[in-house]
Every structure is written in structure tokens, then in C-alpha cells.
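This report looks at how a chain is divided and how its parts meet.

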Amino acid sequence: EEPQPTVVPSRPLPSKICDVVRSERPRSCCGMAMAGFRTSKYQVPEWHRRNAGVYYKAFTASEEAERGRAESQHLMKHAAASAQRAQEYSKTTLGQRLQDIHFWRVELQKEIMELDAETNLLAAQKLRLERALDATEVPYSVVTDNLECRERRQPPDLVIDEVERQLLKEADLIRDIRDLLKRTIIQATTQIRSNRIQKENCELDWSDKVEAYHIDDKCVSYCTDSTNVQFHPSSVKFEENASTPKSWAQFSHDNISSAEQEKLASVQLRSLINSIIHDASEDLRMQRAAVNEAFDNRCRELDDAKLRLEQHLQQILKDIADEEANIVSLKKAIRDKEAHLKVAHTRLFDRSFRPNIELCRDEPQFRLVSEVEELTVLLEALKRKLMVSEQNLKNLEETRMKLEKEIAVKANSIFIDRKKCMSYRVRYPVDLEVASYK
């Protein structure tokens with residue numbers, strides 16, 4: 001409360017006696033009656049008036065001095081109260097300012113800690129991506145090796161079968177996954193950089209808040225009894241680059257808002273990374289199962305084909321043996337029929353020497369001629385049959401060679417698919433998602 005001014009008691013003022021203008025009498029004496037007296041002497045009324053004037057001036061001066069002292073006391077009390085009130089108000093505003101600084105400092109520190117924790121989590125996810133990318137090298141080398149091994153199959157097994165299509169699909173899938181992981185690693189690196197930049201901005205703001213808090217806290221502790229206070233007239237003016245309370249609060253609010261946005265983007269990216277790794281692992285697992293199933297089916301087909309070829313080979317070998325025996329029998333039959341033909345020809349030849357009338361076309365003659373003709377026809381048929389049998393034997397031999405070659409081709413294909421490819425696929429990682437943590 002402003003102190004009331006001191007009341008000065010009123011006193012009646014004496015009536016003012018007007019001064020009379022001095023007479024302009026000459027100061028020279030006139031006549032003998034004035035002899036021995038000064039001409040400058042005042043009259044009694046003038047003396048009284050003179051005294052009254054001195055009294056009045058003294059009273060007026062005393063009254064003015066007393067009024068000045070009262071006003072000085074009032075001004076000093078008012079100045080003391082105003083200065084104390086102004087200092088307390090300044091201290092209160094400084095205290096409120098300290099609360100505001102403390103609030104934003106706490107918010108900034110909280111945001112810095114959360115952003116730092118989020119950056120560490122994102123860095124861990126980035127490490128998972130890098131490990132998952134490294135883990136895809138083994139599947140890709142396995143698929144590449146399988147394709148290269150299957151190129152060593154021999155015709156006609158060098159076909160684009162279901163295994164080939166699934167292997168090519170698996171190779172494309174792994175390349176796509178590797179490209180996706182590389183792009184995501186770049187995105188995670190960029191987000192980590194953005195998080196750290198925003199964290200540095202918040203840390204700079206927080207550092208400024210800490211320094212400002214110490215300065216204002218020191219200002220709050222100042223009082224009139226402080227020994228380290230002094231005059232700084234130049235500090236009264238406002239700095240040109242000084243901010244307003246609105247822009248000051250908006251600056252910290254913008255920093256926190258930007259940090260929240262980066263943190264939200266980081267959280268979303270971590271969720272995306274989890275989904276990418278999970279989906280990639282699931283896709284690789286399903287494609288691996290499809291390739292293994294295709295290998296199993298193909299190996300069963302090759303086994304069945306090889307078994308059927310071996311069965312046919314056994315039958316061909318038996319047919320070859322039978323055909324060889326048949327050829328031997330045919331040759332023996334031809335030799336036998338040729339012996340019979342020789343007998344018939346010899347009989348006819350000997351009978352051609354019968355003399356004269358004895359050279360008769362009798363029944364034995366006709367029978368011998370008919371026998372020769374029959375034996376000739378039989379021999380021709382047997383020879384033709386022998387030729388056919390020999391050609392069949394040749395065909396059987398060629399078929400045997402083809403079957404043996406086909407069996408060797410199938411055995412080579414089975415060896416490549418089962419021993420080379422399927423055994424090498426054991427190195428295939430079981431789960432890419434699990435491998436990303438190792």
C-alpha cells in the first residue's frame with residue numbers, strides 16, 4: 001500500500017503590513033535643529049514595518065522548509081515503498097520466469113531422453129537390417145550354386161522344369177529382398193541422422209534454458225544488501241535481437257514439436273522394419289519350402305524314370321539274349337535246310353545222268369524238283385528272317401546303349417539334384433528374422 005503523506009498542522013498567518021515607500025528626502029540636514037543627527041535614520045513606523053517584514057520572511061522560510069521536510073519524508077517513504085514494491089514485483093516476475101524456464105527445460109530434457117532412447121532403438125533395428133542383409137548372402141549363394149550345378153545336367157534332362165522355375169523365382173525374391181533391405185538401411189540411417197540433429201537442437205535449447213535459469217536464479221537472489229551489485233546504465237535498453245515471450249515459447253514449442261514428429265517417424269520406421277524383416281523371412285521360408293518340394297518331386301520323377309529305364313534295360317537285355325539265340329537257331333536251320341537242299345540237288349544231278357529212256361520225268365523227279373523249290377523258298381524265308389533278326393538285334397543293341405545312356409543321364413541328374421543341390425540347401429538359414437538378432 002502506498003503510504004499516506006504526512007499532515008502538517010495549519011497555523012494562522014500574521015497580517016501582512018504593507019511597506020510604505022520611503023520618502024525621497026534629501027539626506028542633507030536643513031537648519032540648526034538637525035545638527036548632530038544622521039539624515040538616513042528611519043522613522044519608528046518604518047522600523048516596525050521593517051521588523052514585521054523580517055518576521056514574515058523568517059516565518060515563510062521556516063514554513064517552506066517544514067513543508068519541504070514533510071514532502072521529503074513523504075517522497076522518501078513513497079520512493080522506499082515504490083522501490084520495494086518494484087523490486088518485489090520484479091522478483092515475482094523473475095520467479096514466474098524461472099517457472100516458465102523450468103517447465104520448458106523439463107519438457108526439453110524429457111524430449112531429449114525420449115528421442116535419444118528412440119534413436120538407440122532405431123539404431124538397433126538398423127543393425128538387425130544389416131544382419132538380415134548379411135544373412136541373405138548364404139541363401140543367394142545357395143540358389144546361385146544350385147542353378148550353376150543344374151546347368152551341368154546332360155541333355156535331355158537339361159530342361160526348364162518346376163525346380164528351375166522355383167529356383168529362378170527364389171533368386172529374384174532374394175534380390176528383391178536385398179534391395180529392399182538396402183533401401184530401408186539408407187532410410188534408417190537418414191532417420192537416425194534427423195533424430196540426432198533434432199536432439200542437438202533440443203540440447204542447444206535446453207543448454208540455453210539452463211544458462212538462463214542460472215542467470216535469472218542469480219538475479220532473484222540479488223537484494224539491496226548484496227555486495228556484487230553495481231550500476232550498469234547501458235543495460236537498460238532492449239537488445240535488437242531480443243525475442244518476445246511469444247516467440248521465446250514458440251521456439252521451444254517448435255523444437256519439441258519437431259522432435260515429436262521425428263520420434264513418431266522413427267517409431268513408424270521401426271514398425272516398418274519389423275514388418276519388412278518378418279515378411280521377408282516368411283517369403284523366404286515359403287519359397288524355400290516350395291523349392292524343396294519341387295526338388296523332392298523332381299527327384300521322385302527322376303527315380304521313377306530311372307527305375308523304368310532300368311526295367312526296360314533288363315527287358316532289352318533279355319530280348320537281346322533271346323534274339324541272339326534266335327539268330328543262332330536260324331543259322332542252324334539254314335545250314336540244315338542247305339544240307340537238305342544239297343541232297344536234293346545231288347539227287348537231281350545224279351539222276352540227270354540216267355541213260356536214254358531212263359531219263360524219265362517220273363514221280364521222284366517231280367518230287368525232287370518240288371523239294372528243291374520248297375527248300376529254296378524255306379531258305380529264302382529263313383535268310384530273310386535272319387536278316388530281320390540281325391536288324392532287330394542291332395536295334396536292341398542301340399536301344400540298350402540309349403537306355404544305358406539315359407540311365408546314366410538320370411543318375412547324373414539325381415546326383416546333381418539330390419547330392420549336390422539338396423545337400424547344399426541344408427546351409428539355408430532356417431529363419432531370416434531370427435538371424436537378424438544374431
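## Annotated spans

The unreviewed UniProt entry places the feature "coiled-coil region" at residues 306–340 and 372–413. UniProt positions are given here in the numbering used for this chain, with feature names shortened, and annotations may be inferred rather than shown by experiment. Over residues 306–340 the chain is 100% helix and 0% strand. The end C-alpha atoms of that span are 50 Å apart. Residues 372–413 are also 100% helix and 0% strand, with end C-alpha atoms 60 Å apart. Helices (H or I, at least four residues) and strands (E, at least two) are DSSP runs, numbered from the N terminus.

## Basis of the model

This is a predicted model: local features need pLDDT of at least 70, side-chain atom pairs count only at pLDDT 80 or more, and totals for chains, interfaces and linings use all residues. Residues are numbered from 1 along each chain as its sequence is written, and side-chain values use heavy atoms, with hydrogens and water left out.

## Two domains

The domain assignment gives domain 1 (56–223 + 245–296) and domain 2 (305–437). Such bounds come from an automatic or database assignment. Taken over C-alpha atoms, the two centres are 88 Å apart.

## The interface

Contact (heavy atoms within 4.5 Å) links 33 residues of domain 1 with 22 residues of domain 2. The buried area is about 2,600 Å², and carbon and sulfur atoms give 57% of that. Buried area is the accessible area (1.4 Å probe) that two parts lose on being put together, summed over both.

Three salt bridges are counted between the domains. The term means a side-chain nitrogen of Lys or Arg within 4 Å of a carboxyl oxygen of Asp or Glu. Asp417 and Arg150 form a salt bridge through their side chains, at 2.9 Å from N to O.

## Domain 1 side

The most comes from α4, with ten residues.

## Backbone details

Which peptide bond is cis? The bond from Pro155 to Pro156 is, with omega near 5 degrees. Pro156 sits in the loop between α2 and α3.

Asn356 has phi near 45 degrees, a positive value in a residue other than glycine. Asn356 belongs to the loop between α4 and α5 (363–424).
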